[in-house]
Amino acid sequence: MRQSFSRLVILATASLSITLPHLAYGETPAPWSERAVFEHVDQAGFAGVLSKPELDALIAFGETLFAARFTTLDGAGRPMATQAIIPTKRKRAAPATFQRMAGLDGNSCASCHNDPVMGGAGDFTVNVFVSEGFNNADFDTTDPQFSNERNTNHLFGAGLVELLAREMSVDLQLIRRNALALARETGEAQRATLVSKGVRFGRITAKPDGLLELKEIDGVDTDLVIRPFSQKGVMTSLRQFTVNALNHHHGMQPVERFGARWTGETDFDEDNKSDELTLGDVSSLVAWQATLPPPGQMVPTNVDWQNAAKQGAEVFQTIGCASCHVPALPLNSLEFHDPGPLDAAGTLRIDETQSGAVYDLSLLDWAQNLPRNEQGQVMVPLFGDLKRHKMTDRQISAFGNELLSQRFVERDVFQTTELWGVGSTAPYGHRGDMTTFDEVIQAHGGAGRDAREAYLDLEDVDQSALIAYLKTLVIEQ
Amino acid sequence: MIRTRKTGVVLAISAACLTHSFAQEAAVAETEALAMDVPVLEEIAAKAGIEHRYTGPWEHFVGGGVATFDCNGDRLPDMAIAGGAGEAQLFANKSRAGGPLAFEAVEGGLPEGSLKGVTGFYPLNLDNDDHTDLIVLRVGENVILKGGPDCRFTRANRALAFDGGRAWSTAFAATFEPEQEFPTLAFGNYVDRSAAGSPWGTCHDNVLIRPGTGDVPTYAEPQMLTPGFCALSMIFTDWNRSGEPALRMTNDRQYYRDGEEQLWRVSPGRPARAYRRADGWKTVRIWGMGIAEADLDADGLPEYALTSMGDTKLQTLDDEADEASPVYRDVAFAKGATAHRPYTGDDLKPSTGWHAEFDDINNDGRQDLFIAKGNVETMPDFAAYDPDNLLLGTFDGNFVEAGALSGIALDRRGRGGAVVDLNMDGMLDLVVVNREAPVSLFQNRGAHTEFGPRPMGNWLQIELRQRGANRDAVGATINVKSGNDTRVRKVQIGGGHASGHLGFIHVGTGVAERAEIRIKWPDGEWSAPYRVFANNFVVIEKGSDVVQYWYPPETDKLR
């Protein structure tokens with residue numbers, strides 16, 4: 001039990017010492033303690049734009065949590081709670097603490113996100129089984145009628161991705177507000193095109209009485225929130241994903257969703273550990289993930305590879321890959337607010353705390369090297385559009401191998417995979433069951449069909465050049 | 001105060017047993033012990049432009065209703081408020097999304113001749129046009145007002161062949177029976193003051209009026225519902241999932257002799273008939289003042305809160321009884337919802353409850369129960385300071401009092417009321433009509449914290465539309481499913497205490513950020529599931545395979 005509030009000196013990665021407010025356990029754990037979490041971050045201790053030392057300290061703590069192998073002494077396990085993102089009780093205690101399908105399926109975040117380094121992707125062996133977990137909490141089969149099997153994504157550049165999604169959501173919602181205001185003002189329906197950062201998301205029609213037709217919206221949820229995370233693009237923020245994952249994979253239940261405010265209990269999963277992770281703990285994990293450097297493009301030492309990659313970059317454009325895998329999207333601000341502006345109740349929101357923090361990504365070394373356009377915007381080289389597309393058609397349906405829709409997104413619709421880092425994160429595809437780029441390109445149906453056909457029409461040398469190019473998009477090690 | 005591991009369960013020393021200062025300390029402790037959000041409800045009636053009282057002699061000891069509905073086509077709830085011996089008033093809602101509550105009196109909106117003697121209002125689209133009509137309950141002739149544009153109403157009694165009678169009316173409910181273009185109306189009447197021996201044992205009969213045949217509504221053939229037992233609230237309710245609503249009445253034992261609570265079978269094409277002992281109906285005698293209905297456990301069988309003098313009943317169908325019989329158990333004590341005496345202050349006498357309404361005022365996904373309270377006038381055996389209740393639903397299915405903590409424990413004699421989102425911010429506000437005191441208008445600021453209000457849980461607000469008859473889909477059931485939780489709402493006209501609502505139906509969804517909605521339309525047809533994101537106003541048209549979102553007008557203009 002936590003019994004006291006104090007401050008602890010944490011040595012940050014930059015060798016600066018900074019006091020990070022924390023909540024300490026009453027007793028000092030022995031060096032051989034089997035706990036993984038020795039103290040908790042107190043969210044009340046920091047607010048506003050964090051200084052570099054403060055940010056470093058928070059990141060450092062987040063890294064320890066990301067790497068921590070949680071134990072039952074910390075609260076790992078959820079004997080009476082399911083993996084569902086809405087707190088849901090099991091009808092009976094879980095028969096086993098660990099279970100690869102319904103979870104717990106990982107001892108730490110890093111046990112899956114580790115390829116090529118911590119925070120990276122995962123091999124097929126660390127696929128996860130996505131089921132909303134309300135009715136099939138104890139499924140123990142890989143039969144796709146119970147869950148969707150997904151490969152582990154890497155997290156590098158995730159802060160930039162979330163910032164892009166926030167700005168794009170603001171753009172789309174502003175279009176909506178303007179259309180509604182104009183419709184009310186003129187008394188005439190207003191049909192508006194939803195476009196942000198050059199990416200089009202269909203249309204809306206605003207009516208003079210405030211009604212909004214949604215049926216022409218394309219590739220984004222009807223509330224016009226870009227949800228950039230997960231293979232489907234259904235998670236709003238790193239914070240939301242982190243809260244989900246901590247419960248699902250580790251049975252570590254953050255108070256901001258599983259605490260007494262929303263469940264009536266401080267120990268919802270009934271493992272005799274109360275309030276397992278604080279607001280500050282989750283913030284530290286968000287800070288660590290949000291500040292991971294973006295993947296880059298390496299310059300091969302091999303000259304033939306250099307030349308091939310250069311040619312491949314042109315092929316990437318000419319055959320249409322870049323229409324969805326947009327090489328770079330412009331970003332206005334590097335200020336990462338945590339909590340963020342778009343989350344719903346159950347994930348900490350801006351107005352729910354006095355101590356919302358801003359992580360200024362421009363303080364980080366890697367941010368100095370980000371390309372900027374003429375307007376001074378950061379050009380985030382993600383190779384994606386943060387939009388969902390239908391990826392199957394009658395002939396090409398390999399990406400339609402799931403049976404369950406996820407959070408209203410149909411089974412064969414996925415968000416464009418960001419290709420940055422793809423050279424470091426084989427295998428490919430949302431199930432991680434494609435071993436080569438050639439296989440995964442050939443699996444593109446639906447919205448990717450034209451590019452696939454164009455790829456197949458290429459000369460061998462151009463196909464090879466495209467792959468040479470993709471192989472240069474790596475996570476720095 | 002004992003705080004258990006399941007902190008939603010608060011075993012509290014009854015605040016009513018405490019001294020005032022000790023009660024305040026207990027309230028602070030209770031705030032800490034209450035796990036769920038407690039809304040900050042700030043009384044701002046005068047600032048918002050609502051200055052109104054419900055006044056008058058004995059005939060206006062009861063009544064004091066308010067109708068919340070849109071009368072000018074902007075979908076914001078406007079308000080018609082009974083005035084008793086004073087004039088009723090109509091207020092147009094000028095609030096903007098998330099902004100301060102703002103109302104303007106609509107001069108001339110309600111026609112002369114229907115302004116005084118009003119006990120209550122119920123909104124209803126009676127003639128299936130583009131405007132909501134108003135049922136005006138009065139001491140004397142009841143009036144049906146036909147709605148027009150811009151909150152203009154005209155008397156329609158003659159056009160509808162409706163005889164408003166001379167009774168003292170205090171209750172109303174409406175339903176659309178199968179194959180009927182127009183609604184069936186039920187009026188509940190109180191004491192017949194002209195009868196010999198009045199007031200004791202002289203309750204007026206109640207009235208059921210079915211629409212006549214034809215292209216326009218007519219109400220020329222009332223059926224007297226005899227005996228009447230001084231009904232103070234009534235509601236059409238599908239108590240047994242039969243699809244055929246019955247008429248539930250709560251009656252005031254103060255004046256009846258050998259009376260009881262009543263349930264009337266209202267089968268299409270047949271005269272209404274009261275359930276009897278042989279049907280399983282059991283005698284319950286209370287000072288029935290108000291009815292609220294909610295399906296708290298989403299089993300399709302509604303629960304009923306019945307306000308009274310003393311304890312409030314919370315009835316659930318007895319699962320050990322024959323399922324075809326309307327046999328009810330009172331679970332108010334077990335669930336902490338008796339509300340039998342003031343929860344704060346020094347007055348230990350029994351309470352007097354009036355308007356009751358279920359809704360999720362803290363958006364945690366659990367239904368809460370509001371009860372307006374107040375002494376009849378100066379009844380010495382009942383509490384004089386009798387603050388309104390806000391019973392928050394806890395995560396284990398019980399209720400816990402948060403009236404004082406939320407800020408609604410005013411020293412006013414409450415009567416009718418409405419729990420409704422008036423500034424379209426997703427958080428329910430509260431209107432309470434008080435006897436001989438100003439109307440209370442509470443703006444919901446969000447959940448109480450040490451640093452000020454914070455956002456509460458997620459929510460949805462749903463409006464149903466049909467073409468042709470019954471445009472507002474009265475009688476429809478709305479199922480909102482998130483994860484394993486199903487939340488059920490009904491579109492109903494009736495109940496409460498002389499107060500009704502028509503417009504968006506609010507559902508708190510807690511931490512669920514999306515939900516699947518299914519509608520059981522009044523004709524029994526189930527809709528396909530609609531997938532919606534929380535924190536939106538959703539408009540569903542029968543037969544449509546997609547929903548539309550609605551956005552309230554905002555203060556600032558963009559572009």
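In chain B of this predicted model, 59% of the contacts with a separation of 6 or more are between residues 24 or more positions apart. The secondary structure of chain B consists of three helices and 40 strands. Its radius of gyration is 22 Å, close to the 24 Å that the globule rule gives for 559 residues, so chain B is as compact as a globular protein of that length. The C-alpha trace of chain B spans about 65 × 60 × 50 Å along its principal axes.

Of the 559 residues in chain B, 63% are buried, where buried means under 20% relative accessible area. The accessible surface of the chain comes to about 20,000 Å², and carbon and sulfur atoms contribute 49% of that area. As for charge, chain B carries 55 positive and 78 negative side chains. The centres of these two sets lie 2 Å apart.

One strand can be followed in detail. Strand β36 of chain B covers residues 505-510 and is mostly covered, with six of its six residues buried. In a regular strand the side chains alternate between the two faces of the sheet. In β36(B), B:Ile505, B:Val507 and B:Thr509 point one way, while B:His506, B:Gly508 and B:Gly510 point the other way. Residues of both sets are buried.

The pairing of this strand comes next. Strand β31 of chain B, residues 458-465, is joined to β36(B) by five bridges, and the two strands run antiparallel. Within this pairing, B:Gln461 stands opposite B:His506 of β36(B). B:His506 is itself buried and points the other way from B:Ile505, B:Val507 and B:Thr509.

How values were computed: Residues numbered from 1 in each chain as written. Chains lettered and ligands numbered in written order. Predicted model: local features only at pLDDT ≥ 70, side-chain atom pairs only at ≥ 80, totals over all residues. Heavy atoms only, no water. Helix = DSSP H or I, 4+ residues; strand = E, 2+ residues; numbered from the N terminus. Rg over C-alpha atoms; globule rule 2.2 N^0.38 Å. Buried < 20%, exposed > 50% of the residue type's maximum accessible area, 1.4 Å probe, protein only. Contact = heavy atoms within 4.5 Å. Areas by Shrake-Rupley, 256 points an atom, 1.4 Å probe, with all protein chains shown as cover. Lys, Arg positive; Asp, Glu negative; His and termini not counted. Charge placed at Lys NZ, Arg CZ, Asp CG, Glu CD. Pairing = 2+ DSSP bridges.
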